[in-house]
Amino acid sequence: MTRRFCKFVATRPVATLLFLCAFVDTVSPVTHYSVPEEMEEGSVVAHLASDLGLDARTLHKRKMRIDVVANKKYLEINKDTGELFILERVDREELLCPLKTTTSCFLKLDAAIEDPIRMFNIEVEITDINDNAPHFRRGTMHLDISESSPVGERFSLNNAVDPDVGVNSVQDYHLSSSQHFNIEIQTGRDGSKFADLILTKVLDRERQAEHHLILTAVDGGVPTRTGTAGIIVRVLDVNDNAPSFEQGKYFVEVMENSPIGSLLIQLNATDFDEGSNSDVFYSYSLYTSERTQNVFHLNRENGEIRVKEMINYEDFKMFEMEVIASDKGLKSLSGQCKVTIQVTDMNDNHPEISIKSFQSPVGENIAVDTVIAVVSVSDKDSGDNGLVDLHIPPDTPFRLRESSDNYYQLVVSEPLDREKVAEYDITFTVTDRGSPPLSDNETVTLQLLDVNDNVPRFPQSFYSIRVPENNAPGALLTSLSAFDPDLHENQYLVYFIVEKEIANTSMSMLFSINPENGNLYALKTFDYEMEKDFLFHIEARDSGSPPLSSNASVRVAVADQNDNAPVIVSPWRAHGSAVEEKIPRSTDKGSLVAKVIALDGDSVHNSRITYQFLQVSDASLFSLDQYNGEIRTTRMFSYKDWRHQRLVVVAKDNGEPALSATVTIKLSTVETAAKAYSDGGEAPPEYDIFSDLNLYLLIGLGSVSFLLLITISVTVVLKCQKVKPGNMAPPCRNSVISERNSTVADSTLVSNDAYWYSLFLAETRKGKLVVRQPVPKGSRYFVSSIPRSAAGSATSDSAPSTLQASTTRSNRST
């Protein structure tokens, strides 16, 4: 161990500090560790601090660090525990030591600490694991082997490679099952394994031209890994098959005077070999006479026998020849056959056709029975062999008309239409009556000139186009293209809009069409609320003479967009102001407080409006129907409820995005009974009308009132019974209860007059009518009642029943 002096200079943004170390301890021994590759990140390799004789508690203070020499930093030290751990997964094959020449692979590390500075050399050996499968450099190997190769011949194969080392590398090879091949394993100088392919059975290309094998390489790891490669063995041909004919003897008949070059027969000899060994050429044998060879030509390459000279039945009636087929192999092999040619007598003069006059092109509107061409026919033979018949295909709009001996006229038999058939190939066929008959033919092409006889046609007679409102001016709506089957100027179309005025507005001011291609454009921005659709016609006119035209109806429907916000029309309010409403504080549960009505200028779903509370002073007091906008009370007002309520209702349409409008309703509750205590002032909040004392007073007053009413009722009934039926007395003016009403216990007094409301208090639930103040003389009042069943139902959760009351005073009328 030596000591040396060193100086470190550290540069920082503020100042430069110089640190002097008097002595540095250098540790010469190397600390060695061994770990397998592919360990998980965070795995502990060793307790480095303990192995180096360091106190793990001082590692932070002494700033211990790990530096990797010429490598990536795969390991790090835990400064809290002093453990050396895997920082990043280590792949031995990715390091600089994956060579097969050595099985050792090291990571060299430097560990440094301060106070005092010490350096430690650390070597971490990375041991190999079987994490790579063998693989071949080429997935398929091709071998060419001659079918004459002897059994036992060897053929080299590409070896497989494995990045692993030792036993984890390639150890063995296997070959798929084969009758003709096997393998033999060889070991190279470096210990690598490779295989030779051994031929175990003679090959025959004619039976099997290719052999497909699979070579599998296996390593020695646990578990083992394998890699495969295909072997395609192509068997090279050897000339071991002679050409052979389909038949040993051929018999052919030929007519006399057959044209020179006429094909009599084509011989075909096959050779099962390949390449030049199967290329066959034909020749006459020495037993074929020179006369036969002069009359008939044998094609050396394809075996065709053709007429070489004119054949006369009277000279020779039969020819015989012997043909040899030989291959082009190095040692040529051959086969032979015999051909007999029988000559038969025949009608050896063909009829002839002559076109004397022919008109082409002609207009498609040519008249029926117009002569197109004059044709003459002839035959040099005599008798039946000299008689000829001329005909044309039956599926053409033409017919032949005989004008004189051997002269015919071609005339139009049906109207022609160029758009269906632009030209006709008319074939004239002449046949004599010999045995066998001879014939000849000649074809002429008749072209038709176009006539403007087709009007332009739109694919459909009516077009329906949807365009969204607020469209951009000049937007393309659609393309209206017509088709004209005519040619040239007869099919050149011009498009325009048939003028039609709507509300003194011309269609050409609203729409524009490209005269060349029929593209239809909108010239203005449409508003669905102003104009919903347009109906006009588009005309397509060709450039023929005279021009023809047709039109199509176009309906442009403007599609609604949500561009109009709802407008609240009820309750009416000045612009930007709130609505003020007053309701009695005694309003029953379910009473209608207000109804919000909004209108939307859009259509369909864009105009469907729903109502919601945007703000509400007391959500438990009011309810809002989201469809009809009705605001109703959900309970009766109590003394704890505020006299002033503020409701903000938003009316929202169903568009996308939705538009809305709001209305603010300020509700003031009116306490009509307050005049008994003050001139319009509010009742004290702490006042409770149903206190114990007041309750006893109300019960007493109710009992007295009830007995009084019963007495009055009995009196009225007795007086009314005394009236004669024929002279009915008028109803008593001062009667408290009318004949059409039920008991006061089922009555509810309702009055819009605060004065009269202050005089009486009708208590429906307790069945009492309480007089709050003295009633002026001469006053009249009327109480309506409902049956007990209805009054009873008023106490349920349904909307409470209300009773109408009217009161009349001498100095006040209602």
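Begin with the largest nonpolar core, which has 29 residues, and select Leu48, Met64, Leu75 and Val124, the residues with the most contacts inside it. Among the elements that give two or more residues to this core are strand E2 (16-36), helix H1 (48-51), strand E7 (106-113) and strand E8 (118-127). Now centre the view on Leu48 and, leaving aside its neighbours within four places in sequence, look for the residues in contact with Leu48, including Tyr33, Met64, Ile66, Ile77 and Ile122. Another core, of 26 residues, lies apart from it, and you can find that one by selecting Val467, Leu480, Met507 and Leu510, which are among its members.

Before going further, colour the chain by confidence, because this is a predicted model. The mean pLDDT of the protein chain is 76, and 79% of its residues reach 70 or more. Over residues 1-28, however, pLDDT stays under 50, although the model has 43 contacts for them beyond four places in sequence. Residues 723-814 also have pLDDT below 50, and this stretch has 139 contacts in the model beyond near neighbours in sequence.

Next, turn to the aromatic rings, for which a search of the whole structure finds 12 pairs. Select Phe245 and Tyr282, whose ring centres are 6.1 Å apart and whose planes lie at 50 degrees, so the pair is tilted. This pair links distant parts of the chain, with Phe245 in strand E18 (residues 244-245) and Tyr282 in strand E22 (residues 280-284), 37 residues apart. Both Phe245 and Tyr282 are buried. Phe316 and Phe319 form a tilted aromatic pair too, at 5.3 Å centre to centre and with 40 degrees between the planes. Here Phe316 is partly exposed, at 34% relative accessibility, whereas Phe319 is buried, with a relative accessible area of 5%.

Then select Phe511, Phe526, Phe534 and Phe536, which form one aromatic cluster.

For the last stop, select Arg418, in the loop between strand E32 (407-412) and strand E33 (423-432). Is Arg418 buried or exposed? Arg418 counts as buried because its relative accessibility is 8%, which is under the 20% cut-off. Its side chain is joined to that of Asp450 by a polar contact of 3.0 Å, and the side chain of Arg418 also reaches the backbone oxygen of Pro485 at 2.7 Å.

Methods: Residues are numbered from 1 along each chain as its sequence is written. This is a predicted model: local features need pLDDT of at least 70, side-chain atom pairs count only at pLDDT 80 or more; totals for chains, interfaces and linings use all residues. Side-chain values use heavy atoms; hydrogens and water are left out. Helices (H or I, at least four residues) and strands (E, at least two) are DSSP runs, numbered from the N terminus. Buried means under 20% relative accessible area, exposed over 50%, partly exposed in between (1.4 Å probe, protein chains only). A polar contact is a pair of N or O atoms within 3.5 Å; within protein, one must be able to donate a hydrogen and the other to accept it, and residues adjacent in sequence count only if both atoms are side-chain atoms. pLDDT is the predictor's confidence in each residue, from 0 to 100. Contact means heavy atoms within 4.5 Å. A nonpolar core is a set of buried Ala, Val, Leu, Ile, Met, Phe, Trp, Tyr and Cys residues joined through side-chain atoms within 4.5 Å. Rings of Phe, Tyr and Trp (its six-membered ring) pair if their centres lie within 6.5 Å; planes under 30 degrees apart count as stacked, over 60 as edge-to-face and the rest as tilted.
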